[in-house]
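Please walk me through this structure.

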Protein chains: 2
Amino acid sequence: MHKKIMYVCNMANSKLYKGSLTTIILKLLNESEKMYGYEMTQKVKAITKGELNITEGALYPALHKLEAEGLLDVEVKKVDNRLRKYYKLTEKGNKETVSKLEELKDYIKTMETFMNPKLSLD
Amino acid sequence: MHKKIMYVCNMANSKLYKGSLTTIILKLLNESEKMYGYEMTQKVKAITKGELNITEGALYPALHKLEAEGLLDVEVKKVDNRLRKYYKLTEKGNKETVSKLEELKDYIKTMETFMNPKLSLD
DNA sequence: TTCTTATGCATAATAAACTTATGTATTAAT
DNA sequence: ATTAATACATAAGTTTATTATGCATAAGAA
């Protein structure tokens, strides 16, 4: 291994508020039917124009956890002599996706209410 | 102590995305000039109509940390024979408030972009 | 052809930021 | 008289991320 610093460009980081990652994964799979881990990191980067960077150290354990909870199914494939683990939502996963998306929407609405309060409650 | 279960009504919880609390505190002090801890928990509850409940176990350590970082100043007062620790923003705290609010706005914008992508990037 | 970057997975150590569960103490309400 | 509200605090444990590695193949640049 001749790796020196493989993390050079960490770009003033992307502040992932803890708790969002699971929702992000579920949302991706809700749209794409099936995806593999690396693909998710690239897609998130593309959609958010580089503002959100999912680290692999967070992503893979999160995927394993979701699988263990029965929210995801896995299917391993070999492409170009490299492994890919394709994940897709189970039925349980679909339900959880709905509630997680609802939860995020509520959170955003709440925080916006908080940031721009309509009436002062002093 | 005759305390049995003081946490009974935990109300389907309030999902505070980790990382938001500091921003919330700074925003409160940015508007109210000076506040004490318990007052913050009540105000947040009121503004968000009970959707956000700051727990004391999170709040007080957070306040101590912000003070240690020089973002807050403290002034202890005795009201009705009970202590109150009034916090207010320092100059450094004012600057941090601006950047934290900016950061939250960016996060919300990014997540909205992610939830409602304008163009499909498949 | 050799080095680097990109693709693709994984995990251990650490840190941050919470929740949960307590503890103390005074005042107000039932 | 007991409970609820006000007001602080902290320790233990959990969750969830970052940082730092590790392995392996393929593609591209030097």
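Q: Not counting residues up to four places away in sequence, what does A:Lys100 touch?
A: Contact means heavy atoms within 4.5 Å. This is a predicted model, where local features need pLDDT of at least 70, side-chain atom pairs count only at pLDDT 80 or more, and totals for chains, interfaces and linings use all residues. Residues are numbered from 1 along each chain as its sequence is written, chains are lettered from A and ligands numbered from 1 in the order in which they are written, and side-chain values use heavy atoms, with hydrogens and water left out. With neighbours up to four places away left out, A:Lys100 touches A:Thr22, A:Thr23 and A:Leu26.

Q: Which side chain of opposite charge is nearest to A:Lys100?
A: A:Lys100 sits in helix 4 (residues 91-115) of chain A; helices (H or I, at least four residues) and strands (E, at least two) are DSSP runs, numbered from the N terminus. A:Lys100 is buried, meaning under 20% relative accessible area (1.4 Å probe, protein chains only). A:Lys100 has no salt bridge, which would take a side-chain nitrogen of Lys or Arg within 4 Å of a carboxyl oxygen of Asp or Glu. Lys and Arg count as positive, Asp and Glu as negative, with His and the chain ends not counted; the nearest opposite charge, 4.0 Å away, is on A:Glu103.

Q: Which are the edge strands of the open sheet in chain A?
A: The three strands have the order 1-3-2, with antiparallel pairing. Two strands pair if DSSP finds at least two bridges between them. Each edge strand pairs on one side only: these are strand 1 (35-36) and strand 2 (72-79) of chain A.

Q: In strand 3 of chain A, which residue is the bridge partner of A:Met35?
A: Strand 1 and strand 3 (residues 82-89) of chain A are antiparallel, over two bridges. The partner of A:Met35 is A:Tyr87.

Q: In strand 3 of chain B, which residue stands opposite B:Glu75?
A: Strand 2 (residues 72-79) and strand 3 of chain B are antiparallel, over eight bridges. Opposite B:Glu75 stands B:Tyr86.

Q: What rotation superposes chain A on chain B?
A: Copies are superposed by least squares on the C-alpha atoms of residues with pLDDT of at least 70 in both. The shift along the axis is 0.0 Å and the RMSD 0.1 Å, with a rotation of 179 degrees. The two copies are thus related as by a two-fold rotation axis.

Key. Buried < 20%, exposed > 50% of the residue type's maximum accessible area, 1.4 Å probe, protein only.
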